[in-house]
Amino acid sequence: LDGPGAHRQQLHFGGAFDQLGDHAGLFDGAAGGQLAVVGKQHRAFVAQGAGDQITFLDDGPSVTATASGAALVLNDETATSSVAATINTGAIVKGDDPNVAGTGAISTATSGTAVVTATPVYGTDGAAASNPLNYALAVTNATSGLTTTDGSVINLVLVGNVIVGQVSGGAFAGQAAFAIAINPTTGVVTVEQYLSLGHPNAANPDDTVQLLANTLGVVVTATDSDGDTATSGTIDISAQIRFDDDGPSVSNVAGGASVTLDETGGFDTVTSATAVITATLAYGADGAAATGAAVYGIELTAGGTSVASGIVTAVRDFAITLFETSATTIVGRYTDGGGVVRDAFTVTINADGTLTVQQLVALEHLQDGGPALHNDALTLNGLISATVTIKDGDNDTATGKTEIGDQITFLDD
């Protein structure tokens, strides 16, 4: 090195500097030259001679990240059987939903792409040769805002690199309702659901719930080629983790048992042997409601609250009109010659779906003649329908309906 008033020194760099703090070659210098390492993120190599210095500063990396709103994880409870669970929940036992066949996860879903968009700057060192970006989950608030179907609170717990939604109280206390994992290299998130969750909107059997804001985050770490690291802030992804409801269903609806009344020997009150409406009832992962899981009703097929029955009384042929007096009762009424409204018969569906019909007056049967015609029948075909409405564990409902008027028969005497 040359400088005014300085004697000449010759520097020999016999090898490359190792910027982690060691040198891989030799440094020879006159007059006590030395190698100085300063700091970690901004290290310097200083050759000291006669008042002159040579400094080499490092340029550590940096990284920023933002949530990728399009990368959603949407679990759906509609499966009727479980799938294999692969996320490690550690000592926390995975819940086993009693309303879904098999064991394992009742739903699994992934984000498909990274849940955050990372912007790393590696500087002149460039990115590390392998895994320059690392993604990790973080609990920012243990209160998830979610519950199981029975209303038990779910808290977020970090188990290794996995976030577990652990149930507090109820039949599944201490068990995992769901688990969230992130691929540390790609940033793709996978969620497994083990227990059905509470969905508060009973008016929508397919509503969606999500984690409370600022409960779940992602941290991104960038590494450059000489091992320096930088970490982003915690990015909130709570709104990207969602759970879809499944709602109950009623299918294969058909008419069931019949009711036949015979005027021979007087007026009857008859109850069907079994339900007058049959159906396949499916409550899904939420299971049946504790009360009111299946409710039966009857209604006028054409709608409204009244309709002409087409039947008249045997005495003086007073026309009978059907009136829907409640969700479970339809009454056939007529007005007699004195202007008094009287009941001719009542039709009531019971809590178990059976039907009770009570006849109060003789009805006019259309066929006259010999004994072979004495037992002709009248029905309410096309006039009355039965319904069955089911309710699942988080109060979603579904209804099935079928016409049953032809299952009600009045025989002559």
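Me: Where is the place of Thr-313?

Reply: Before that, some ground rules: this is a predicted model, where local features need pLDDT of at least 70, side-chain atom pairs count only at pLDDT 80 or more, and totals for chains, interfaces and linings use all residues. Residues are numbered from 1 along each chain as its sequence is written, and side-chain values use heavy atoms, leaving out hydrogens and water. Strands (E, at least two residues) and helices (H or I, at least four) are DSSP runs numbered from the N terminus. Thr-313 sits in the loop between strand E25 (306-312) and strand E26 (319-324).

Me: Is Thr-313 buried or exposed?

Reply: Buried means under 20% relative accessible area, exposed over 50%, and partly exposed in between, with a 1.4 Å probe and protein chains only. Thr-313 has a relative accessible area of 4%, so it counts as buried.

Me: Which backbone nitrogen does the side chain of Thr-313 reach?

Reply: Look for a polar contact: a pair of N or O atoms within 3.5 Å; within protein, one must be able to donate a hydrogen and the other to accept it, and residues adjacent in sequence count only if both atoms are side-chain atoms. Here the side chain of Thr-313 reaches the backbone nitrogen of Phe-318 at 2.9 Å.

Me: Which residues is Leu-383 in contact with, leaving aside its neighbours within four places in sequence?

Reply: Contact means heavy atoms within 4.5 Å. For Leu-383, the list is Glu-299, Leu-300, Thr-301, Ala-308, Ser-309, Leu-322 and Glu-403, once neighbours within four places are set aside. Take Ala-308: its C-alpha atom is 8.9 Å from that of Leu-383, though the two are 75 residues apart along the chain. Leu-383 belongs to the loop between strand E30 (377-379) and strand E31 (384-391), and it is buried at 16%.

Me: What is phi of Asn-252?

Reply: Most residues other than glycine have a negative phi. Asn-252 has a positive one, near 55 degrees; Asn-252 lies in strand E20 (residues 249-255) and is exposed, at 60%. Asn-395 also has a positive phi, about 75 degrees. Asn-395 is in the loop between E31 and strand E32 (397-403), and is partly exposed at 40%.

Me: In what order do the 3 strands of the open sheet come?

Reply: Two strands pair if DSSP finds at least two bridges between them. The order is E6-E19-E15, with mixed pairing. Strand E6 (73-76) and strand E15 (208-210) are the edges, each pairing on one side only. E15 and strand E19 (residues 241-244) run antiparallel, joined by 3 bridges, and Gln-210 has Arg-242 in E19 as its bridge partner.
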